[in-house]
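Q: I am new to this structure and would like to learn how to read its features one at a time. Could you take me through them, giving the general idea before each case?

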Amino acid sequence: MTSSARDKAEELDADDVLAHYHGEFVGTSEALVYLDGNSLGRIPIATRDRVRHVLDHEWADRLIRSWDDAWIELPTKIGDLIGVGLLGADPGEVVVGENTTVALYKAVSAALDARPGRTAVVVEQANFPTDRYVIESLARQRGLTVRWIAESGTDGVNIAGVGGVLDDDVAVVVLSHVDYRSAALADVACITAAVHEVGAVMAWDLCHSVGVVPIDVTGDEVDLAVGCTYKYLNGGPGAPAFTYVRSELQDQLRQPIWGWWGRRNMFEMGAGYEPEAGIRSWLTGTPSVLSMAAIEPSVAMVIDAGIGAIRAKSVALTEYAIELFDEYLAPNGFGLQSPRDSARRGGHVTVGHPDAEAQCRQLIAGGVIPDFRRPDGIRCGLAPLTTRFTDVHDGLSALAALT
């Protein structure tokens with residue numbers, strides 16, 4: 001690429017109102033070009049400090065007393081932080097615990113119980129694998145039919161695709177807000193309304209949208225949602241997931257994995273299971289305190305930056321990536337596998353090439369880390385708090401040089 005292309009990237013970085021957050025993460029002073037923040041976010045310095053405090057003080061010094069001092073409310077405290085700050089939820093509608101697969105299993109199972117007599121559950125053929133597997137598992141256990149929405153491709157799932165499989169037999173629909181391959185952005189309000197028209201429950205996977213795309217679960221009348229905290233929320237590898245349950249449904253839905261943390265008066269250790277009131281009934285076992293502690297500082301940072309500013313930079317980063325694609329990659333046999341319209345695109349850009357897998361290995365060996373998605377996609381996750389425009393330039397320049 002030309003020097004003028006990098007000059008433009010440097011100018012964009014100089015005008016970036018979020019640029020100062022870059023230095024608040026560990027390792028960003030290194031030469032590494034990290035374009036995989038939509039798979040595993042970088043570690044904030046504040047997170048490292050927080051976990052060290054938990055280890056050295058809350059665990060080492062306070063020991064079991066820290067349950068009362070600081071730990072027992074973490075699932076709902078961090079849940080409210082995520083819910084109110086990033087999902088448009090009300091307090092008491094989000095809880096953190098387990099992982100996305102378990103959270104989705106609990107949510108869909110509860111929704112199925114609430115729609116007895118209905119025989120079908122809907123999911124897209126190319127939805128994230130764990131979502132599909134959970135649906136197939138529950139359908140097999142209960143003798144239900146899975147109705148598959150045809151693969152939506154670059155443009156993502158739309159109301160026509162969803163509407164074509166809806167009727168009064170559908171109990172639950174499960175879809176992703178942002179497609180994990182293409183970054184196609186689904187119309188949450190429109191699709192949710194269509195699902196409600198047939199009396200079904202709508203469950204959204206927010207893993208690839210939370211922290212990078214504005215979300216309004218209240219305004220869009222979302223029933224259930226789950227999402228992870230280790231992508232744009234930088235909670236660390238395997239960080240716990242969150243579950244959103246609309247307050248009006250909390251008395252109607254009962255999650256299926258009963259554990260002592262979700263029981264009323266948990267420390268009474270009483271006979272029989274009586275669920276706690278509200279969102280705490282969605283807890284099951286003892287949460288992982290170290291993992292919980294790692295989530296909070298980064299979520300606070302995302303909220304401080306503001307989802308509006310984050311979305312604006314995300315759009316600018318992905319538009320710049322597509323601009324470089326058009327000039328330098330398209331003429332060399334690459335195809336664009338993400339929507340061109342920024343209003344229909346989440347926080348990453350995927351380009352395709354027959355040699356994508358080998359190219360990814362070469363990039364990683366050279367200090368540029370994207371993500372390979374079969375069969376031929378190179379996914380560039382552009383996390384607004386840590387990704388610079390010069391990173392986008394240097395990463396795609398390295399890719400162009402391989403052809």
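This is a predicted model: local features need pLDDT of at least 70, side-chain atom pairs count only at pLDDT 80 or more; totals for chains, interfaces and linings use all residues.

Q: Which residues of H4 are buried, and what covers them?
A: Buried means under 20% relative accessible area, exposed means over 50%, and partly exposed lies in between, with a 1.4 Å probe and protein chains only. In H4 the buried residues include Leu74, Ile78, Ile82, Leu86 and Leu87, and their cover includes helix H3 (65-71), S2, S8 and H9.

Q: How many residues does the largest nonpolar core have?
A: A nonpolar core is a set of buried Ala, Val, Leu, Ile, Met, Phe, Trp, Tyr and Cys residues joined through side-chain atoms within 4.5 Å. The largest one here has 59 residues, and those with the most contacts inside it are Leu87, Leu175, Ile191, Trp204 and Leu385. Among the elements that give two or more residues to this core are helix H4 (74-87), strand S5 (170-176), helix H8 (188-197) and helix H9 (289-305), and H9 gives the most, with eight residues. A second, separate core of 33 residues includes Ala103, Ile135, Ala203 and Trp282.

Q: Which residues are in contact with isoleucine 191, leaving aside its neighbours within four places in sequence?
A: Contact means heavy atoms within 4.5 Å. With those neighbours left aside, isoleucine 191 is in contact with Val157, Asn158, Ile159, Val162, Leu175, Ala186, Met202 and Trp204.

Q: At what angle do H5 and H6 pack?
A: Axes are lines fitted to C-alpha atoms, for helices over the stretch in contact, and angles run from 0 to 180 degrees between N-to-C directions. Helix H5 (residues 100-113) and helix H6 (residues 129-142) pack at an angle of about 40 degrees, with their axes 10 Å apart. That makes H5 oblique to H6, since angles under 35 degrees count as roughly parallel, over 145 as roughly antiparallel, 65 to 115 as roughly perpendicular and the rest as oblique. Residues of H5 including Leu104, Val108 and Leu112 meet residues of H6 including Val134, Ile135 and Leu138.

Q: How many disulfides does the count come to?
A: A disulfide is a covalent bond between the sulfur atoms of two cysteines, and here it is taken as a pair of cysteine sulfur atoms within 2.5 Å. By this rule the count comes to zero. Cysteine 207 is in no disulfide, the nearest cysteine sulfur, that of cysteine 228, being 3.8 Å away; cysteine 207 is also buried, with a relative accessible area of 8%.

Q: Where is proline 375 found, and which peptide bond is cis?
A: Most residues other than glycine have a negative phi, and most peptide bonds are trans. The bond from arginine 374 to proline 375 is cis, with omega near 5 degrees, and proline 375 is found in the loop between strand S12 (371-373) and strand S13 (377-381).

Q: Is asparagine 234 buried or exposed?
A: At 7% relative accessibility, asparagine 234 counts as buried, and its phi is near 55 degrees, a positive value in a residue other than glycine.

Notes:
Residues are numbered from 1 along each chain as its sequence is written. Side-chain values use heavy atoms; hydrogens and water are left out. Helices (H or I, at least four residues) and strands (E, at least two) are DSSP runs, numbered from the N terminus.
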